[in-house]
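Please read it alongside the sequence and the coordinates.

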Amino acid sequence: MKITEELNKYIGYQIHLYRKLRNYTLKQFAEMIHKSISIVSKYENGTISIEINTLYEIADALRVTVSQLLPPETGLAKESFQTAINPAGSFFSKSNVFYMYQCFTLDRKALNKGILISVLEIERRANDYDRVSFYSESINPAENYRNCKYIYKGRILYFEYIVYMELENIYQKGDRFYIYAKEPFDVTNMTTGLYSGISQSMRNPAAAKVIFSTFLLKCDEELRQKLLITSKDSFNDIRRTNALVIR
């Protein structure tokens with residue numbers, strides 16, 4: 001397979017992915033970029049190349065950057081950035097969009113059983129740290145996850161066992177938070193992590209267990225229990241080590 005064919009297929013997959021995330025039909029999307037349904041289908045299948053001007057129109061229609069439609073140039077990565085470039089096969093290479101869940105209240109009657117849904121969007125970059133946009137407390141993640149209460153931007157670093165993120169509120173400098181996520185060894189669509197930052201409601205330092213998923217999860221009692229740290233062993237570990245233990 002030629003490099004151009006591989007590139008076409010990669011771009012086509014990214015277009016299809018973001019079109020589905022935006023809930024656009026082929027017909028709707030074709031009308032947005034002034035192309036026929038047949039042409040858009042060929043774009044997504046990677047059977048034809050896309051002119052650069054059209055690629056920018058597609059990116060605008062999907063509300064992403066052109067670089068988010070293009071593959072990272074992993075072969076050109078500098079040695080000093082090897083831990084920062086997303087390794088092939090890692091959990092966070094499965095998608096460019098991840099849903100993050102955390103429990104903010106013990107009240108089972110609260111909306112979504114007290115579970116907050118935020119969305120992590122990764123912009124792949126060659127020879128540099130991947131950029132991250134974080135849409136905190138997304139109001140309707142299934143339809144438009146960018147409709148949210150807070151927006152943060154930052155970077156993500158990949159290591160053998162963990163992934164580290166540091167983000168800052170784009171409207172309130174100094175409002176920062178950090179995430180350590182586990183890099184699972186098995187084939188899975190979910191992983192856990194630790195969020196630490198300032199509570200928006202109490203303005204105090206806060207930490208919480210979070211779950212990342214490649215698809216939307218049902219906010220039910222089962223998910224709520226996975227987000228809580230309630231076992232006797234966990235509390236004993238916390239008291240013994242003065243640390244939060246994520247199992």
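The model is predicted. It holds 11 aromatic pairs, and the count of disulfides comes to 0.

**Phenylalanine rings**
- Among the aromatic pairs is that of Phe 92 and Phe 98, with 5.0 Å from centre to centre and 55° between the planes, a tilted arrangement.
- Both Phe 92 and Phe 98 are buried.
- Phe 92 and Phe 98 belong, together with Phe 91 and Phe 212, to one aromatic cluster.

**Tyrosine pair between strands**
- Tyr 135 and Tyr 145 also pair, and because their planes stand at 55°, with ring centres 5.7 Å apart, the pair is tilted.
- This pair links distant parts of the chain, as Tyr 135 lies in strand β3 (residues 130–140) and Tyr 145 in strand β4 (residues 144–158), 10 residues apart.
- Tyr 135 has a relative accessibility of 5% and therefore counts as buried.
- Tyr 145 is likewise buried, its relative accessible area being 1%.

**Charge over a ring**
- Arg 155 places its charged end over the ring of Tyr 129, at 4.5 Å from the ring centre.

- Cys 148 is at 16% relative accessibility and so counts as buried, the limit being under 20%.
- Cys 219 takes part in no disulfide: the nearest cysteine sulfur belongs to Cys 103 and is 10.0 Å away, whereas a disulfide requires sulfur atoms within 2.5 Å.
- Cys 219 also counts as buried, because its relative accessibility is 19% and the limit is under 20%.

Methods: Residues numbered from 1 in each chain as written. Predicted model: local features only at pLDDT ≥ 70, side-chain atom pairs only at ≥ 80, totals over all residues. Heavy atoms only, no water. Buried < 20%, exposed > 50% of the residue type's maximum accessible area, 1.4 Å probe, protein only. Phe/Tyr/Trp six-rings, centres within 6.5 Å; stacked < 30°, edge-to-face > 60°. Helix = DSSP H or I, 4+ residues; strand = E, 2+ residues; numbered from the N terminus. Lys NZ or Arg CZ within 6 Å of the ring centre and 35° of its normal.
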